[in-house]
Amino acid sequence: MAMFISPKVAAAVCLGTTMGFFVTTPLIIAARAATHIIFALVGALIIRRYPNIMESFVAGIGLNLGLAVLHALGEVLVVAPFFFSGYMFTQEQLSNDFVMSVIVLVGAGTVLHSVMDCSISVLLWKFVRAAVPSIKLIRG
């Protein structure tokens, strides 16, 4: 939802959650969280340029899918070195191949969860925007 407010807020939220993950979770999880900065900033910059993009069903779906693919690409690029090094993967995961363990489970799984997260965020943002009209003043 931070993307809808501003690029600065999106970056701050991503940095804050990434720091929290670095303190509380294994490195692979924190590194995946760090990739959120990329798609969140891209999304926030697009929304800043086209503030009503999510009002159009087709444009909103396009943005959602585009950001989901960017999100998945970032996470796959982070997970791949961990897979090839064998670090933090079970023997069963390693016995599956790279395509199944990284491309399908991480990549496709991230696309699905990203699309769902964005869809939920859009619905929540519409309620927040209606309930707190002054929130538009923070954008920029």
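Guide: A residue counts as buried under 20% relative accessible area, as exposed over 50%, and as partly exposed in between (1.4 Å probe, protein chains only). This is a predicted model, in which local features need pLDDT of at least 70 and side-chain atom pairs pLDDT 80 or more, while totals for chains, interfaces and linings use all residues. Residues are numbered from 1 along each chain as its sequence is written, and side-chain values use heavy atoms, with hydrogens and water left out.

Visitor: How many helices and strands does the chain have?

Guide: Helices (H or I, at least four residues) and strands (E, at least two) are DSSP runs, numbered from the N terminus. Here the count is 7 helices and 0 strands, and the order along the sequence is α-α-α-α-α-α-α. The C-alpha trace spans about 50 × 35 × 20 Å along its principal axes.

Visitor: What share of the residues is buried?

Guide: Of the chain's 140 residues, 35% are buried. The surface comes to about 8,200 Å², with 75% of that supplied by carbon and sulfur atoms; the area is from the Shrake-Rupley method with a 1.4 Å probe, and for residues only the protein chains shown count as cover.

Visitor: Which helices do the buried residues of α3 pack against?

Guide: Begin with the residues themselves. Helix α3 covers residues 27-34, and its buried residues are Ile 28, Ala 30, Ala 31 and Ala 33. They pack against α2 (7-24), α4 (36-49) and α5 (57-85). A contact means heavy atoms within 4.5 Å. Among contacts in the chain with a separation of 6 or more, 67% come from residues 24 or more positions apart.

Visitor: How many aromatic pairs are there in the whole structure?

Guide: Rings of Phe, Tyr and Trp (its six-membered ring) pair if their centres lie within 6.5 Å; planes under 30 degrees apart are stacked, over 60 edge-to-face, and the rest tilted. The structure has 4 such pairs. One of them joins Phe 83 and Phe 98 edge-to-face, at 5.7 Å centre to centre and 65° between the planes. Phe 83 belongs to helix α5 and Phe 98 to helix α7 (residues 98-131), so this pair ties together parts 15 residues apart in sequence. Phe 83 is buried at 8%, whereas Phe 98 is partly exposed at 23%.

Visitor: How are the rings of Phe 84 and Phe 98 arranged?

Guide: They are stacked, because their centres are 4.9 Å apart and their planes meet at 15°. Phe 84 is in helix α5 and Phe 98 in helix α7, so the parts tied together are 14 residues apart in sequence. Phe 84 is exposed, at 60% relative accessibility. Phe 83, Phe 84 and Phe 98 make up one aromatic cluster.

Visitor: Which residues form the nonpolar patch on the surface?

Guide: Patches take residues with over 30% relative accessible area and no salt bridge, joining like charges within 9 Å and nonpolar side chains (Val, Leu, Ile, Met, Phe, Trp, Tyr) within 5 Å. A salt bridge is a side-chain nitrogen of Lys or Arg within 4 Å of a carboxyl oxygen of Asp or Glu. The patch consists of Val 99, Met 100, Ile 103, Val 104 and Leu 105, with about 410 Å² of accessible area together. Val 104 lies in helix α7 and is partly exposed, at 37%.
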